[in-house]
Amino acid sequence: MSASRVALVLIQAFANQLACTPPNPTPPKGRYHTDELYIFQIAPFIFKCHQIIFWLCATFEVLSFFVPLIPLPAELTPPGGLPTSLICPLPSTPNNIQEIRVTPSFIIGVIAVVLGSYIRLDCFKALGQMFTFDLTIHPEHTLVTNRFYAYVRHPAYTGSLLLVGGLTLSHLTKGSWLTECGPLNAGGSAVVVWVCWWVWTICVGVSRAQAEDGQMRKLFKDEWDLYASNVPWWFFPGII
């Protein structure tokens, strides 16, 4: 474990926190798309859960660096080393803590999370009071077509996909605490989590994008049709 990984993990965790914190509360009126599957409706709750999970990952990664550096008297250190066993609790993995390291996938993941956070924060600023995590119509709703909305119709979901991709590359691949010392140490388990998380995220994004498009078309009619014609992509230009 290196100091550079500690610093980057903390940067990533703070960026993810900012991007997943609602800029505005959901108003009591104006919600729509409330008839979607419940597993999609809980997207704001899932955002909160993944904040907690990855703060825990960041905490254990930081501890993995600092705890072995703490000198303890020999009489207070049981065989096997209590501090290390607490951080890396799985059997037969006393040296796995040394495998927590900076890898190419980790670096790509950090960049993706920082970029995704920047995009989402810019969307918060562009929409102002209109941006809520639940789909709602603001009393003074306007059609925003500048900033990242000039390139894709749902850039906030672009940011979300980058967050998920970045966090999985950083924490569900070799070299992370989750895969070297944590509950995803078992072979193949990280891949299962990765696939399930990605499928759910994409399904939520598509469901919400379709609902938002339909609602904006009702509100803005010809203005929306012109915008949708000029900006045909949902999340990534030329891809989807």
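Reader: Where does I107 lie?
Author: In this predicted model, I107 lies in helix α5, which spans residues 104-127; helices are DSSP runs of H or I with at least four residues, numbered from the N terminus. Residues are numbered from 1 along each chain as its sequence is written, and side-chain values use heavy atoms, with hydrogens and water left out. Local features need pLDDT of at least 70 and side-chain atom pairs count only at pLDDT 80 or more, while totals for chains, interfaces and linings use all residues.

Reader: And is I107 buried or partly exposed?
Author: I107 is partly exposed, with a relative accessible area of 33%, where buried means under 20%, exposed over 50% and partly exposed in between, using a 1.4 Å probe and protein chains only.

Reader: Switching topic, how many salt bridges does the structure hold?
Author: The structure holds seven salt bridges, each being a side-chain nitrogen of Lys or Arg within 4 Å of a carboxyl oxygen of Asp or Glu.

Reader: Which residue does D213 meet in a salt bridge?
Author: The side chain of D213 meets that of R153, at 2.7 Å from N to O. D213 is in helix α8 (residues 189-220), and the pair ties together parts that are 60 residues apart in sequence.

Reader: What about D225, what does it pair with?
Author: D225 forms a salt bridge with R217, and their closest N and O atoms are 3.7 Å apart. D225 is partly exposed at 39% relative accessible area, and R217 is partly exposed at 40%.

Terms used: Helices (H or I, at least four residues) and strands (E, at least two) are DSSP runs, numbered from the N terminus.
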